[in-house]
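Here is a friendly tour of a few spots in the model below. Please keep the structure open while you read.

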Protein chains: 4
Amino acid sequence: MVTQRGKRQIEIIEAALKVFGENGFFQGTMEEVAKEAGIGKATIYEYFSSKKELFQEMLVYFVEDYITGAHDATEKENTVRSKLIALTEYNIAFVKSKADTLQRMTSRSEHVSEDFKCKIFNIKQTVCSIALKIVEKGIETGELRSDLDKNIAALIIIGALNSVSTEYIFNEEIASNTINTSTFVDILLSGLS
Amino acid sequence: MVTQRGKRQIEIIEAALKVFGENGFFQGTMEEVAKEAGIGKATIYEYFSSKKELFQEMLVYFVEDYITGAHDATEKENTVRSKLIALTEYNIAFVKSKADTLQRMTSRSEHVSEDFKCKIFNIKQTVCSIALKIVEKGIETGELRSDLDKNIAALIIIGALNSVSTEYIFNEEIASNTINTSTFVDILLSGLS
Amino acid sequence: MVTQRGKRQIEIIEAALKVFGENGFFQGTMEEVAKEAGIGKATIYEYFSSKKELFQEMLVYFVEDYITGAHDATEKENTVRSKLIALTEYNIAFVKSKADTLQRMTSRSEHVSEDFKCKIFNIKQTVCSIALKIVEKGIETGELRSDLDKNIAALIIIGALNSVSTEYIFNEEIASNTINTSTFVDILLSGLS
Amino acid sequence: MVTQRGKRQIEIIEAALKVFGENGFFQGTMEEVAKEAGIGKATIYEYFSSKKELFQEMLVYFVEDYITGAHDATEKENTVRSKLIALTEYNIAFVKSKADTLQRMTSRSEHVSEDFKCKIFNIKQTVCSIALKIVEKGIETGELRSDLDKNIAALIIIGALNSVSTEYIFNEEIASNTINTSTFVDILLSGLS
DNA sequence: TATGAATGAGTCTTCATTCAT
DNA sequence: GATGAATGAAGACTCATTCAT
């Protein structure tokens, strides 16, 4: 059963999702959230003890939303390939629908001027180009297959890299010996199947 | 030649790196940066027109540092495999050395209580478990090779996924048809080589 | 006859006495009073039109309690001496039983740190020491009788002084010529009898 | 030497003295203090870390002012009698000059309506009348001397009483046996000399 | 009669930025 | 060139009071 209280909480969280999504935690104000929710400022405090708590509950709500969807999307598929495709598509759709929210919430874009975004874009391209160059060279020397989509390959490398690096740091027990590094690279090279 | 002015700028940026790294953009104050740099608050404004500009220049400095190193590390290797290993190791080393800075700068750790971190950790595990389940099922059914390191495989999937999804959104020209999705998944499955 | 309404009013006043006694007027909230009384917040407004009125009625209730007791205690004694002793003892007992309430209600203890209380205590000692020094010097020179309890004498001087000074200010008709000052001091020196 | 900083601090304290004197701690706002001092609101925080600290420093300043004056006034007199008269006069003068400040700071007059003040005044009279009645009865029966100023006598009793009672409570080591009560009453009756 | 829910008005406090020296 | 001092603008949070039920 959905309580009256629970319903109002959801309303506030959804307003927060919009406001913090557009403005980030520090730029989004409680006043804006209240206005967005169509309620008084103090009312929020009847449901969330502080801005921090509201933000956290909002994140949980947001992430749980993602998980449920991702789970459902993959569950009904049978092969690994179709599962991965489903997951990829779901992910893209989700990211697309929440593009603004994510962009602002993840990045520090609020305090980054247009001029600067350009600069950063170039940098990102440069980072990417390192992977891209490796891929191109590899195709050239025959180490990599010639039908490879270079851009996607580069993206996979970078994404996988970051994902693994981060995990290495925050989950130290996964170990940090070179064997894992080779394992990682080998999977990338030979594929999962 | 390094000008006097340039030298001072670097000092400030390095102080900013420390302060914003520890506290994030909004929590880090100009006063702290000044104190860290051992200069007066107003002096910063002689070198950077605003907090925003300082932060941006700091990011550029930070990222360029990464790029230079990444470039050097891969350049001297010959095969794709050794290049990728070098890049992976460099990346891990870099992330490790800047772990604190990155963690604070990237995440919203300031306004996230310990209690909440735990909650989020569980969620992250859940997200990961979706990929993990797919991998496990795949090994079981023989679709994936049995010698696969499940955790690393899951991490690769998630990282690659995010990287590609994000790119899809922000670089629309890369197209958004299912062909690419299949391409992406196929590369993951069959590997780069 | 005690009406139902009157009974409820008393309950609220007693709750207010506790809450405002512990927290002072501004720190004590209507919400706390309501909780203490075991009723809803809005209910208080059925009996008292505002926080101010509640506070005032509470004071009246408190003071009347004192007066009744003080009256009873002195009434049944016969000599001035025994009356004064009875009054003194009653006063001490009353103050003692309400020590906490009085202390908080009178002082600004809320916004006074422990560190500061110490400072203030020293000051109070200093004030006291002025009277004390006079007493000691007087005993030394023989102006005051040698069997005098110095501390009590000093306290009497200070209390009487404040009481009279305050009255001078707020009851101007009592006059403000030096004759009264002499009169006052003479009573202190020669006693009432 | 009076530093620039010290001078500004005094200015703020004096403004606070006026504002808090007129309005009490909770009613007086930092904005008012700033306006009174002719400075910006934030400037206060350059000198005092919080409203609380400002208030405390203000109290210290206020009390020290009193003490210095009281000390000076009594020091230059020779006999106990003249010392007491000097102290009394100083006290009256001080209270008179700070009447408003004291009245507001001590009492809770801000949240007490005119109507209520009347009520309280009557109560005070009643309290006083208890002492007054004892005095009158005493004069009648010959226990007290007939030339006694009844009002001043009553004030002395009440003031001394409160002073001693309070001390009993907060300075427990002074003991709480009846001997002291008698001692106290005897001093009142027989005088200090 | 009793009250939970809602809220606007009000206040402390922070901080990027300016400017006189 | 360097800076301490000053500050306006902004935002989180509180609470007495109201009102629909």
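## Around V164(D)

Beyond its neighbours within four places in sequence, V164(D) is in contact with L155(C), I156(C) and F184(D), where contact means heavy atoms within 4.5 Å. V164(D) sits in helix α8 (residues 150-170) of chain D; helices here are DSSP runs of H or I with at least four residues, numbered from the N terminus. With a relative accessible area of 1%, V164(D) is buried, a label given under 20% relative accessible area with a 1.4 Å probe and protein chains only. The C-alpha atoms of V164(D) and T181(D) are 9.3 Å apart, while 17 residues separate the two along the chain.

## How to read the model

This is a predicted model, in which local features need pLDDT of at least 70 and side-chain atom pairs count only at pLDDT 80 or more, while totals for chains, interfaces and linings use all residues. Residues are numbered from 1 along each chain as its sequence is written, chains are lettered from A and ligands numbered from 1 in the order in which they are written, and side-chain values use heavy atoms, leaving out hydrogens and water.

## Two buried threonines

In chain A, T88(A) belongs to helix α5 and is buried, at a relative accessible area of 2%. Setting aside neighbours within four places in sequence, T88(A) is in contact with L161(B), T181(B), F184(B) and V185(B).

Now turn to T181(C), in helix α9 (residues 178-190) of chain C. T181(C) is buried too, with a relative accessible area of 4%. Not counting residues up to four places away in sequence, T181(C) touches Y168(C), I85(D), T88(D) and E89(D).

## A helix pair in chain A

Helix α4 (residues 51-75) and helix α5 (residues 80-97) of chain A pack with their axes 8 Å apart, at an angle of about 150 degrees. The axes are lines fitted to C-alpha atoms over the stretch in contact, with angles from 0 to 180 degrees between N-to-C directions. α4(A) and α5(A) are therefore roughly antiparallel to each other, the term for angles over 145 degrees.

From α4(A), residues including F62(A), Y66(A) and A73(A) take part in the contact, and α5(A) brings L87(A) and F94(A), among others.

## Confidence in chain A

Chain A averages a pLDDT of 79, and 77% of the residues score at least 70; pLDDT is the predictor's confidence in each residue, from 0 to 100. Confidence in chain A is highest in helix α3 (residues 41-47), at a mean of 95, and lowest in helix α6 (residues 99-106), at 55.

Over residues 106-112 of chain A, pLDDT stays under 50. Where pLDDT is low, the predicted coordinates should not be read in detail.

Note on methods
Angles under 35 degrees count as roughly parallel, over 145 as roughly antiparallel, 65 to 115 as roughly perpendicular and the rest as oblique. Buried means under 20% relative accessible area, exposed over 50%, partly exposed in between (1.4 Å probe, protein chains only).
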